[in-house]
Amino acid sequence: MFSFAVRSFFQKLITLFFISVISFLVVYLAPGEPSQIDPMNPKFTVEDLERFRQEFNLDKPLHMQYYLYYKNLFTGQLKSWKDNQPVLGKIVERFINSLWLFIVGTVITWCLSFPVGIQAAINRGSVFDRSTTFFAYVLISIPSFFFAYMLIIFVVKNFNVPVIGMQTFGMSGAGAFSQVMDRMWHLVLPSVLGALGGIALLSRYVRAQMLEVIHQDYIRTAKAKGLSSDKVYYKHAFRNALLPFVTMFGLILPGLIGGSVIIESIFAWPGMGRMGYEAILARDYPIILTINFIAAVLVLAGTFISDVLYMVVDPRIRL
Amino acid sequence: MSVKDRDIKELSEGLAGEVSRFSEAWGIFSKNKLALSGLAIFIAFFMIAVSGFFLTAGEEPLLDPAKVRLSEKLLRPFTSFDVEMVRPEDRPVFGIYLFGTDDLGRDIFARMMQGAWVSLTVGFVAVGISIAIGIIMGGIAGYYGMYRMKFMHLLCMFIFLASGIMYASAENGGAFIMFMAGTVCLLLSVGYYFFYTRRGADIPVFRFMFFETITADSFIMRFVDIMLCFPTFFLILTVIALLPANIYNIMIVIGLTSWMGTTRFIRAEFLSLREQDFVAAARVMGISDFSIIFRHMIPNAIAPVLVSATIGIAGAILTEAGLSFLGFGVPPPHATWGNVLSDGKRFIFDAPWLTFIPGISILVVVLSFNLFGEGLREALNPKLRKR
Amino acid sequence: MMLVKRILILLPVLIFVLLLQSFFWVPTYDEQAKGNPERLEEFIAASIGDARILNPILHADASSGTIVDKVFEGLIDRDEELRFRGRLAESWDIYEEAYFYVNDVMGPVAGQIEKLIMDAKGQSSYNGSSLGESLQNIKAIEVLPAETQAEELQVSGPAVEDLKPEQITLNISIRSPERIKLTLGRVDQELFENLEELLGKEYFSSFPAEKYIDIVQSGHSGRMAELAQKYLPSVEHNPVIIFNLRKGVKFHDGEEFDSGDVRFTFESVMDVANLSPRMSDFEPVKRLEEAGRYKVRVIYKRLYSPAFGTWGMGILPEHLLNKEALEKEAMAKGEEPGKFGLRDSDFNRKPVGTGPFAFREWKSDQYIMLDRHDDYWEGAANYKNYTYRVVPDLLTQEMEFYGGAIDSYGVQPHQVERLGNDDAYQSFSGLSFGYTYIGYNMRREMFSDKRVRKALGMAIDVDKIIKYVMYNEAERITGPFVKQTDYYDASIVPLPYDPEGALKLLAEAGWKRNGDGRLEKEGKPFAFTLITNGGNDLRKSILAIAQDAWKKIGIDVKTDIVEWTVFLGKHVNTGNFDALILGWSMGIDPDLYQIWHSSQTNPQQLNFVGFENAEADDLIVKIRQEYDYDRQVQYCNKLHNIIADEQPYTFLYVGKWTAVLDKKIVILDRMPSGEEKIAKIEPTRTGNYSFYFNKWVKLSDNPVFDMEQ
């Protein structure tokens, strides 16, 4: 177990190194240059641009730039080219903002997927099963921004309340409780929208897993024994169907950064995805690379956790 | 009986099995109403896309998706054109704008027709690329996985890669030197390999070239791990934003970032197929690896690939729409459903049809792909079939 | 029922109930906007992007600019008529100090020259001539003695292939001859031209500067001309600006503003370590002197009239940013003081200035809040708060605006059209300071002919573009000056829309239609690629329209939309394009050197279309050297005519900015008597509707104005 952890850890480190090289090359070799912050401004002279290139180390050979970038990242010296703020500080701030969306989204996903998936599996072929299947696919088939606009317009027109941002603007004077509630309200739409794909996929997965289990012999035996179907399904079957999901806990970590760009942009949510998108637009390489790096770390950490969890819950596995 | 005859016989037996399996699968599939309607829409969409291509392509297409009629902007669906303002050659084909017009007076129907084709192409090509890479990588990992890579393989690969990078960063001199070094290295190893194996001559100095490193399987699978660590949409966005915007880059980038899943299950499929009797028999008969892989193994592994391709096309269409929303979609003159939608959203209060027509079209088509794919999966999954 | 089942079903229900009940705690838009008296006291602007750096000498983006303009104030700015007016400077004087070396080749020694000039000044025979004007302008004359100085300077050695040239130290000695200093009442760019009439032809150009310079190291005679130009320029114009600063102005932290702050701001801009994008603006300054606590003297190296406008840049508080303050901050943060510069300071995220609004809070990508500065020298603003909200999506911005949660947003033309008819809103429009054009790469053979460029312009129906793409929120423009200034010659007629005429012009230039209706010259079809940058819908529309229009007269036009940085890097900066659609946003100052002078056609420079015209070059230089408004206007009109005739661009239109505000926002004047007067917001002549922003106020009901107003 311990040796597995150590070996796995070193493997992940090596993977991380290659990721850092690849992402660095992708960003730095792409055409166009960041120092052209605003070269169309007639006030920017060639010398100005040259000074920026120097400041950003862009005049150095590629391997030096790589070295300097990661050295600065690990010593906390790395600064965004856009506003000269320390990259780590910026990212931590956005990370926390994204974390809220992520937590609520994940809670919704997991709480909803299980009952729906299990019911669908138990009543396979029923109206409930077919309609949830259908809706699950509708949810992952709809372009997310289209759906987001529909929802926003619907809520704003009918309920006349703000939905964008992290809180209602100008609420700082209100009481603490209403502020908390207000923030919660602002979480609802973006986190639900962000969770849609997850709900659809996870509920399908739960259903498949449950189907697998309820056709096993021991379930048949339990039924034959005369146990109530609730007891059979929710006690015996559910427990066993749950196993693979324990390991999935690790794999949801990367979702923190994933596809939240569009939702965060629409909802004016100051999170990681939006910061990444704006960094791409401004060619703020330090931010782009750091986000990529953190995403990779999260993925690797996630797989590591899931491997370990797998070993813990399934005694048959000994890696 | 010659080897070849037997081969053919076996193949035809295999085919017979295929046919019965197909009819069995169809039996399951046709009971699934959702999947059936998915298939129907899939076929309809395919036909629309093809006819869209013929109607909008060429110099003077029947439906011109790029024709600007500024006086006819933001017209509702089913309105007819203004006889005075529109020149005869600019008139819409049916005398009315079926789906209305956009802010430049372009016919949305024509744009949707062209978009159907372009969106489908983006989906097909992107998925084609990802499947092709997936089959090759997965096939190598699954079939030749045990083979240990020699040091020289890695060395050559590294040198050529470095040369490519130098070329990309415009250091042409260095790139050329690296390229030559790589070639020399390659020739040396091939030459040495020749002597080493044929003549038995052993030159100790070069022996390090033959140090066995990692297996091909772990080489490829580690690479898959690396690729899986990138947040896909963010990576696509980064690359698309940094590269010049054109439709090919979008297809290629979507393809290059989505092959890992296919690689994984082709590898798994190959690992199990390798051990099966018919493959072992084929190998004993001395059939070449190439025909084992392409005539015996891939046909047996292709079913799940088809399923994931169907769903992959749906995903690619959605990804393209998302990119369009962020301003990095397929650039003009090509219309896609994604860019019709994201161009139209500015006018949601003035001309809602510009948002709803493409939005709902995307929903319906992507949904049909997904339902079809899901039906296919159930029909082809032997485990589910037994019940 | 099983407990597990119950939990499984109840948990999601509970969570959804919990989440959805929060709805009842959220104030509706009505409660926020209409039912909230405090809301009337704040102005909330929405923006797509966040500010980057809130420092008047460092920022380069529009969002930061908006905030910096509220928090900081420059020495001067422009009034409703776009003339300069004093802010932190109460008043200013401009005069000139001119120098020239006595040219002993030509004969007379210093004393004689002094006498010659003074005598001529007294003579009436020069009256009325330009020499007479120059002479009358001379207020004092002084002879500076000859002197010898030794200099050591670093130069780069000869470049050997790709290697970086070596640095060499050169020792030179300069024995400068006697020099004459003239103090002039006003800046006079023709002074030396006129004086040659008096002193002899080529008196100045024949000054043998190289004779007075010795280079100790041998083998560098090739550098002589360069050194002579540097150390012994035969003539020198030194315009001088004296600013009389306003007394008793306080920074938001209570510290008083004085000449030290001006000097500090200037020095910070010029400090290379700060990487200030304003550095080139202040490069012409020779030195800046504090002449007392409330007086600053700025001496320039050469004639460069646009330099005056640069003093509109906000002034930094020295006491918060000087070396000691930065060192203290570095220590507190645990950073190395040597490496810690102005760029790293927290000041850039919580600025302190002298402007009408003081900084309160900045939440990245959410909002920036400003408070009214009650001690503002011109009287406190009416609004208590100013907030800048970042809402990246235009559609949600629009919805927030309808809800009343923001007061202004990036309204688009088609929305103005709709909202203009709405009783709840007032809409404004006015000409902006930028124009959109199609630029032709004149290095390409097909575009080198003026007739071709003209014909291409005539083939496009610009009025149609304005009507349908811009929803009439634009006007035609014929040249590169700001349309609402006097520099722009309004009498120039724009190109007519005339495809037939265009074909005729093209035929003259040798392009004829072939059997397919395509244009051809000597068997080669007329084909090129028109490009523009991605992310701009208007340009995208124009791209399609231009392609369509040119196709109609038989030109095969391909189009391409390229992402901005690539567009610049691969196409614009390298001159690798045929034609492009782009826009310039202009300053009010008429200096066109970088965009139109023939010396600016190299890669990375802004005259990327390759416009070269000797007459225009001459005028461009004259304009930037002229300090007299009327003369400047004269030169500009002439230049405008040349450019309109040459058509290096097809000048399309100058956009109108549009703005929509709640009708309840009005101008409120508080009379000294305590009486309050309400007026409707009107744009100034130059189209600035927010010129009186400090007097704006939001009423609780729609206002009623008297008919006389």
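1. Across the interface of domain 1 and domain 2 of chain C there are two salt bridges, a salt bridge being a side-chain nitrogen of Lys or Arg within 4 Å of a carboxyl oxygen of Asp or Glu. C:Glu190 and C:Arg631 are joined by a salt bridge, at 3.9 Å from N to O.

2. This is a predicted model, in which local features need pLDDT of at least 70 and side-chain atom pairs count only at pLDDT 80 or more, while totals for chains, interfaces and linings use all residues. Residues are numbered from 1 along each chain as its sequence is written, chains are lettered from A in the order in which they are written, and side-chain values use heavy atoms, without hydrogens and water.

3. Domain 1 of chain C covers 93-240 and domain 2 covers 434-657; the bounds come from an automatic or database domain assignment. Their centres, taken over C-alpha atoms, are 41 Å apart. Seven residues from domain 1 and six residues from domain 2 make the contact (heavy atoms within 4.5 Å).

4. The two domains of chain C bury about 580 Å² between them, buried area being the accessible area (1.4 Å probe) that two parts lose on being put together, summed over both. C:Val187, C:Gln189 and C:Glu190 supply 70% of the area that domain 1 buries against domain 2.

5. Chain C and chain A bury about 6,400 Å² between them, 67% of it on carbon and sulfur atoms. In chain C, the residues that lose the most area to chain A are C:Arg52, C:Leu275 and C:Asp365, together 10% of what that side buries.

6. Between chain C and chain A the count is three salt bridges. C:Asp344 forms a salt bridge with A:Lys79, with the closest N and O atoms 2.7 Å apart.
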